[in-house]
Amino acid sequence: MTQTQPIKPILEVLSGRRQTVPPIWMMRQAGRYLPEYRELRARAGGFLDLCFTPEFAAEITLQPIRRFNFNAAVIFSDILVVPYALGREVRFEAGEGPRLEPLDTPEKVATLANAADFGKLEPVYEALRRVRRALDPKIALIGFCGAPWTVATYMVAGQGTPDQAPARMMAYSHREAFAKIIDVLVENSIQYLLGQLEAGADMLQIFDTWAGVLPPREFLRWSVEPTRRIVEGVRARARDAKIIGFPRGAGALLPQYVEATGVDAVSIDWAAEPSLIRERVQTRVAVQGNLDPLALITGGRALDRAVDDVLENYAKGRLIFNLGHGILPETPIAHVEQMLKRVRAYGG
């Protein structure tokens, strides 16, 4: 007699089956708003020490699950571990964000390795294995990578910038060199995501945080096309892989993104136009989002209204309730509890 596997509500949604109560998790749910995270961070040292110490990364991943019992855990890591595995220097300055060796000329791009040393990412895989063993079988485990465009913006500039102008300029002025960065990231992201699936991830998310700064032609070239190649590359080896795309700020270009990439769901930010999403996106794939993180900080009636808006707009179709971007460090825990209670009381 075969034992039936417990149902994971998020995977049900991604497989085409709407859930009466939308499953819920939060981007950046493992992190700075939690006192238990801040305590561990103080003991562990630098940010990359947390990412590359499986015991720490697994513990941080599980902290919000213990506290809130979300429907998914997302592995604690960073989108810049792929450049690190490609041999680039990556460090995180306190209060300043990431710093990398800039790849801002064709000559520097020529020094970029084609293949990553995935041994450097073994701690991420080990953290995934540890979390999978510890998780309730009904809770999904999410692996992720940065989309090539977004990762490339940091690699070109050597840091984040307000509008990622250095990468945008390079994509215009040195198209072949910039395409090499993208191609390397596509191929190595495929391998990295496959490794995460093998280590126990149930589903994957591709974060394209800076997609919204691109004009339509460049969006198709540098956001949509590389994401399509990653989705196809992963499914060539893992046919049933469930993948969420998050082209933040894509707006009216979202229907094209969904049609071209083959993702199972698209995560939307809080500025998305509801009728566009319902009529041209949610009819094709599941939708994830899209509570404003500032409404979550505000709490009270404003938070109730914002939660109700998301549910009213999207919960009659396939919805994974989430934020429109990552939770902010100053978010009160009581407000997360308020949001969860309201979503879980939904019966529409």
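Glu-198 and Arg-237 are joined by a salt bridge between their side chains, at 3.6 Å from N to O; a salt bridge here is a side-chain nitrogen of Lys or Arg within 4 Å of a carboxyl oxygen of Asp or Glu. Because Glu-198 lies in helix H10 and Arg-237 in helix H11, the pair ties together parts that are 39 residues apart in sequence. Helices (H or I, at least four residues) are DSSP runs, numbered from the N terminus. Both Glu-198 and Arg-237 are exposed, where exposed means over 50% relative accessible area, buried under 20%, and partly exposed in between (1.4 Å probe, protein chains only). The model is predicted: local features need pLDDT of at least 70, side-chain atom pairs count only at pLDDT 80 or more, and totals for chains, interfaces and linings use all residues. Residues are numbered from 1 along each chain as its sequence is written, and side-chain values use heavy atoms, with hydrogens and water left out.

A further salt bridge joins Arg-229 and Asp-183, whose closest N and O atoms are 3.0 Å apart. This pair links distant parts of the chain, with Arg-229 in helix H11 (residues 216-237) and Asp-183 in helix H10, 46 residues apart. Arg-229 is partly exposed at 24% relative accessibility, and Asp-183 is partly exposed at 32%. Asp-136 and Lys-138 also pair through their side chains, at 3.4 Å from N to O. Asp-136 has a relative accessibility of 35%, while that of Lys-138 is 46%, and both values count as partly exposed. The whole structure holds 24 salt bridges. Side chains of opposite charge can pair when their charged atoms come close.

The helix packing comes next. Two packed helices are described by the angle between their axes and the distance between the axes. Axes are lines fitted to C-alpha atoms, for helices over the stretch in contact, and angles run from 0 to 180 degrees between N-to-C directions. Helix H15 (residues 300-314) packs on helix H16 (residues 333-344) at about 40°, with the axes 10 Å apart. H15 is therefore oblique to H16, since angles under 35 degrees count as roughly parallel, over 145 as roughly antiparallel, 65 to 115 as roughly perpendicular and the rest as oblique. On the H15 side the contact involves Gly-300, Leu-303, Asp-304, Val-307, Asp-308 and Leu-311, and on the H16 side His-335, Gln-338, Met-339, Arg-342 and Val-343; contact means heavy atoms within 4.5 Å.

Within H16, Arg-342 is partly exposed at 34% relative accessibility. Beyond its neighbours within four places in sequence, Arg-342 touches Asp-304, Val-307, Asp-308 and Leu-311.

Which residues touch the most other members of the largest nonpolar core? They are Phe-178, Ile-181, Val-234, Leu-291, Phe-321, Val-336 and Met-339, out of 136 residues in that core. Helix H10 (residues 175-199) gives the most to this core, with 14 residues. A nonpolar core is a set of buried Ala, Val, Leu, Ile, Met, Phe, Trp, Tyr and Cys residues joined through side-chain atoms within 4.5 Å. Leaving aside its neighbours within four places in sequence, Val-336 is in contact with Met-26, Tyr-33, Phe-68, Phe-70, Leu-296, Ile-327 and Thr-331.

Technical notes
Helix = DSSP H or I, 4+ residues; strand = E, 2+ residues; numbered from the N terminus.
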